[in-house]
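Dear colleague,

I am passing on the structure below, together with an account of what turned up when I went through it. Please read the notes with the model open beside them.

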Amino acid sequence: MEKTVEDPPTSAVLLDHCHFSQVIFNSVEKFYIPGGDVTCHYTFTQHFIPRRKDWIGIFRVGWKTTREYYTFMWVNLPIDLNNESAKQQEVQFKAYYLPKDDEYYQFCYVDQDGVVRGASIPFQFRPENEEDILVVTTQEEVEEIEQHNKELCKENQDLKDSCVSLQKQNSDMQAELQKKQEELETLRSINKKLELKVKEQEDYWETELLQLKEQNQKMSSENKEMGIRVDQLQAQLSTQEKEMEKLVQGDQDKTEQLEHLKKENDHLFLSLTEQRKDQKKLEQTVEEMKQNETTAMKKQQELMDENFELSRRLSEKKIICNVLQREKERLEGENDLLQRENSRLLSYMGLDFNSLPYQVPTSDEGGAGQNPGLVYGNPYSGIQESSSPSPLSIEKCPICKADDICDHTLEQQQMQALCLNCPICGKTFPAREKQIFEDHVFCHSL
């Protein structure tokens, strides 16, 4: 079909509403040779007025609406319609745009409202056949034709003989015809009566025809409006089809995205399953760590309790050690006093302390035993022993009656060492109440 810048006006009007006699096509051939241009001749009738958007199209025979054209050409408007020559027009179709098959086509004149105003006889686009070519015969062929003519003359004579018999039959038919004429007269009288009735009926029909024409005009105007409405609906339909294509494309894109999201969802579900497994393992590990932590805390508490017990025992040992250290210092002081007393007695007896064969042991060697350097012994040894007895010279244990130091004696000495005695009033305080003891002693000085 020919593609032009501007499509011709068409409509969906059916063939029953078209007027094919307002434009007459002249000199239409039975067929046109393919490859050549085709000239279409047409004539406007007296009551038809062409318009600017009228066009002539080539339609395949059997078309239903004016939209089924194969190709078209715009009509050239005549300058003066009153001139007879102006009513005869022509358009030329180029060979490039003509059909290439051997189907039957026809010219149709379509006005700017899309209504057909004239149609031509059907024709074809095909090459010439041998029947259409002029045949040149020779002398021999002429003789054959003459012989054929003689035979035809003989046949003609036979036909004349048969014609005589037919004339006889004709006379018989004439008699029969006379009877028929009489019957015809009877029928004519009846026909006159019927004509009167027909005339009355025609008058009635004319009245109805006028009404139908008025209705037809109304229908034509409504038909034009419907044609415009149909064009609008077709435009809307094309727009909706484009939108539908976009929606279908969008639906396909969304379907692809949904498939992609499903794959990602499956992958995430697998990852989530693995993470849940890992989480369960971690929870088991955390539970084990909590159990280990509880066990460690219990062990730590036990160690702290044991450490506290050891610290307490160490504190007690330190207190005992301090008491023993003070007792040792006291004994060393008393030993120094005894050494000075011995020196004084030796000087009083006229003996030199350094000339003695045996030296008095120092406080580091004990100093509590008898001095072997004295000839007559230490006269104050009994006094010293009675006045400052050694902490180790303890009476027999009242529990086990042992002469040596036993566990009961050591526990008793430790208890005495853990007690603090006021040097003024002799009040006893436990060693753990050292601050109370110091405040008590301080109160005596006030």
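**Strand β7 and its partners**

Gly-57 has Cys-108 of β7 as its bridge partner, and this pair belongs to the antiparallel pairing of β4 with β7, which extends over 6 bridges. Please bear in mind throughout that this is a predicted model. On its way through the fold, β7 also pairs with strand β8 (residues 116-119), again in the antiparallel sense and over 3 bridges, with Cys-108 standing opposite Ala-119 in β8. These two strands, β7 and β8, form a hairpin with 5 residues between them, and Gly-114 in the turn has a positive phi of about 85°. A further antiparallel pairing, over 2 bridges, links β7 to β9, where Tyr-105 stands opposite Phe-123. Of the 7 residues of β7, 6 are buried, so the strand is largely enclosed by the rest of the structure.

**The cores**

The largest nonpolar core has 20 residues, of which Tyr-42, Ile-56, Phe-107 and Tyr-109 touch the most other members. At least two residues of this core come from each of β1, β3, β4, β6, β7 (104-110) and β9 (123-125), and β3 gives the most, with 4 residues. A second, separate core of 8 residues includes Trp-55, Phe-72, Cys-108 and Val-116. Leaving aside neighbours within four places in sequence, Ile-56 is in contact with a number of residues, among them Phe-25, Tyr-42, Val-91, Phe-107 and Tyr-109.

**The open sheet**

An open sheet of 3 strands has the order β1-β3-β6, with antiparallel pairing. Since β1 (23-26) and β6 (88-93) stand at the edges with a single partner strand each, one side of each is left without a neighbour in the sheet. Neighbouring strands here are turned by 30° against each other on average, direction ignored. Between β1 and strand β3 (residues 38-44) there are 4 bridges, and Val-23 stands opposite Phe-44 in β3.

**The helix and the confidence**

Helix α1 (residues 139-348) spans only 210 Å between its end C-alpha atoms, whereas a straight helix of 210 residues would span 314 Å. Its buried residues include Ile-320, Asn-335 and Leu-346.

Confidence is highest in strand β4 (residues 55-60), at a mean of 96, and lowest in helix α2 (residues 381-387), at 40. Over residues 357-394 the pLDDT is below 50, although this stretch has 38 contacts in the model beyond near neighbours in sequence.

With best regards

Notes. Residues are numbered from 1 along each chain as its sequence is written. This is a predicted model: local features need pLDDT of at least 70, side-chain atom pairs count only at pLDDT 80 or more; totals for chains, interfaces and linings use all residues. Side-chain values use heavy atoms; hydrogens and water are left out. pLDDT is the predictor's confidence in each residue, from 0 to 100. Contact means heavy atoms within 4.5 Å. Two strands pair if DSSP finds at least two bridges between them. Axes are lines fitted to C-alpha atoms, for helices over the stretch in contact, and angles run from 0 to 180 degrees between N-to-C directions. The expected span of a helix is 1.5 Å times one less than its number of residues. Buried means under 20% relative accessible area, exposed over 50%, partly exposed in between (1.4 Å probe, protein chains only). A nonpolar core is a set of buried Ala, Val, Leu, Ile, Met, Phe, Trp, Tyr and Cys residues joined through side-chain atoms within 4.5 Å.
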